[in-house]
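Visitor: I would like to learn how to read a protein structure, one feature at a time. Please give the general idea before each case.

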Amino acid sequence: MERRKFLKAAGIGAAATTIAAPAIAQSNPEIKWRCASSFPKSLDTIYGAAEYTAKRVAELTEGKFQIRVFAAGELVPGLQVLDAVQANTVECGHTASYYYVGKDPTFAFDTAIPFGLNTRQQMAWQYQGGGQELLREFFKGYNTYNIPLGHTGAQMGGWFRKEIKTVQDLNGLKMRIGGLAGQVISRLGAVPQQIPGGDIYPALEKGTIDAAEWVGPYDDEKLGFYKVAKYYYYPGWWEGGAQLSMLANEAQFQSLPKHYQQALETACADGNNYMLAKYDAANPTALRKLVGNGAVLRPFPREVMAACYKAAFELYDEVAAKNEKFKKIYEPWKAFREDQYAWFRVAENTYDNFVYSGGGQPPKK
């Protein structure tokens with residue numbers, strides 16, 4: 001009697017195992033995506049962050065969800081990643097959303113606004129300040145699901161053939177510059193150019209442009225800008241903390257199993273930390289190398305900074321007055337910025353100013 005009960009129970013267990021196996025397989029399907037990057041392979045920071053994220057996605061899904069990253073130009077031109085994702089030409093792309101301000105200036109909030117948020121403030125706004133919800137609603141209009149993937153920290157102000165001493169020196173200056181910063185400097189007479197990272201050096205070398213900004217010392221040294229423009233200005237007031245993003249086709253993202261969606265979000269968050277840490281660790285050595293190779297460091301004159309600041313917020317007010325999508329994000333963003341600035345002045349800025357000025361060094365013997 002007991003033996004018959006045991007065999008019956010064992011039979012049920014075996015049947016359950018037989019049923020469960022295909023159910024598990026079905027919940028972990030093999031999925032392959034292509035990711036079009038806006039960046040060249042030579043930049044192991046920005047391009048590398050997408051590869052790192054793809055590796056993490058595979059690890060988190062036992063190799064079932066594979067993302068292959070393609071450099072700028074391999075599938076689509078670097079500045080057409082959003083278009084390719086929107087049209088489902090590729091399933092996802094890694095880019096700087098402010099490349100697409102020509103479509104709508106609202107895209108800039110997903111990367112950086114001149115005189116806006118630093119890296120920590122941008123992350124706070126995205127994850128805890130309502131920014132992500134606002135941006136997801138905006139991106140949905142482009143059939144796209146946006147996920148933060150990478151931060152550069154505060155950027156440098158770029159490479160110039162001639163010194164910038166006054167606001168008048170901007171007049172007629174042809175400069176490669178991204179996002180809304182181009183519209184800001186154009187108000188002061190400069191001529192902004194939107195050029196992909198891999199094409200900046202030849203444009204500087206041939207004199208097609210007079211100046212160019214990219215990110216900071218580590219990337220700039222790799223790209224060789226110091227060979228064709230010696231004045232290296234700081235800070236990049238247009239990118240106090242630039243964010244990159246993984247843009248996924250909305251329908252493709254929603255069709256993923258929920259745990260694959262979470263794997264992608266988690267991997268992108270890991271990619272955020274990877275990129276920022278890599279830049280912070282590598283920039284000091286790279287800056288010393290640049291100076292050793294003849295780069296001349298210059299701070300932007302306060303007069304120039306003040307003129308650009310004024311032009312920037314005049315621009316935002318004008319855009320908000322005629323663009324409801326921009327206004328919907330700009331107003332809460334601006335309030336969040338004011339709160340963050342008030343807080344950072346209290347502890348962060350006070351601490352930074354003291355230790356960076358040498359006040360924290362032990363007395364010399």
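Guide: What follows goes from the whole chain to single pairs of side chains. This is a predicted model, in which local features need pLDDT of at least 70 and side-chain atom pairs count only at pLDDT 80 or more, while totals for chains, interfaces and linings use all residues. Residues are numbered from 1 along each chain as its sequence is written, and side-chain values use heavy atoms, with hydrogens and water left out.

Visitor: How many helices and strands does the protein chain have?

Guide: Helices (H or I, at least four residues) and strands (E, at least two) are DSSP runs, numbered from the N terminus. The protein chain has 13 helices and 11 strands. Its C-alpha trace spans about 100 × 60 × 40 Å along the principal axes.

Visitor: What share of the 365 residues is buried?

Guide: Buried means under 20% relative accessible area, exposed over 50%, and partly exposed in between (1.4 Å probe, protein chains only). Buried residues make up 49% of the 365 in the protein chain. Accessible areas come from the Shrake-Rupley method with a 1.4 Å probe, and for residues only the protein chains shown count as cover. The chain exposes about 17,300 Å², and carbon and sulfur atoms supply 54% of that area.

Visitor: Which residues of helix 5 are buried?

Guide: Start with the general point: an α-helix has 3.6 residues a turn, so residues three or four places apart point the same way. In helix 5 the buried residues are Gly131, Gln132, Leu134, Leu135, Arg136, Phe138 and Phe139. Helix 5 is largely enclosed by the rest of the structure, because 7 of its 10 residues are buried. Those buried residues pack against helix 4, strand 4 (144-151), strand 10 (243-249), helix 10 and helix 12.

Visitor: Which residues is Gln340 in contact with, leaving aside neighbours within four places in sequence?

Guide: Contact means heavy atoms within 4.5 Å. With those neighbours left aside, Gln340 is in contact with Gln121 and Ala124. Gln340 sits in helix 12 (residues 324-346), and its relative accessible area of 15% makes it buried. For the whole chain, take the contacts between residues at least 6 apart in sequence: 79% of them join residues at least 24 apart.

Visitor: How many aromatic pairs are there?

Guide: Rings of Phe, Tyr and Trp (its six-membered ring) pair if their centres lie within 6.5 Å; planes under 30 degrees apart count as stacked, over 60 as edge-to-face and the rest as tilted. The count by this rule is 30 aromatic pairs. In one of them, Phe107 and Phe138 have ring centres 4.8 Å apart and planes at 75°, so the pair is edge-to-face. Phe107 lies in the loop between strand 3 (92-95) and helix 4 (119-128), and Phe138 in helix 5 (residues 131-140), so the pair ties together parts 31 residues apart in sequence. Phe107 is buried at 0% relative accessible area, and Phe138 is buried at 6%.

Visitor: How many salt bridges does a search of the whole structure find?

Guide: Side chains of opposite charge can pair when their charged atoms come close. A salt bridge is a side-chain nitrogen of Lys or Arg within 4 Å of a carboxyl oxygen of Asp or Glu. The search finds 17. One of them joins Arg34 and Glu91, with the closest N and O atoms 3.5 Å apart. Arg34 lies in strand 1 (residues 31-37) and Glu91 in the loop between helix 3 (81-86) and strand 3, so this pair ties together parts 57 residues apart in sequence. Arg34 is partly exposed at 34% relative accessibility, whereas Glu91 is buried at 13%.

Guide: Another salt bridge is formed by Glu318 and Arg187, at 2.5 Å from N to O. Glu318 is in helix 11 and Arg187 in the loop between helix 6 (181-186) and strand 7 (191-193), 131 residues apart. Salt bridges that share partners also join Lys55, Arg56, Glu59 and Asp270 into one network.

Visitor: How many disulfides are counted?

Guide: A disulfide is a covalent bond between the sulfur atoms of two cysteines. The rule asks for a pair of cysteine sulfur atoms within 2.5 Å, and the count is 0. Cys268 is in no disulfide, and the nearest cysteine sulfur, that of Cys92, is 8.4 Å away.
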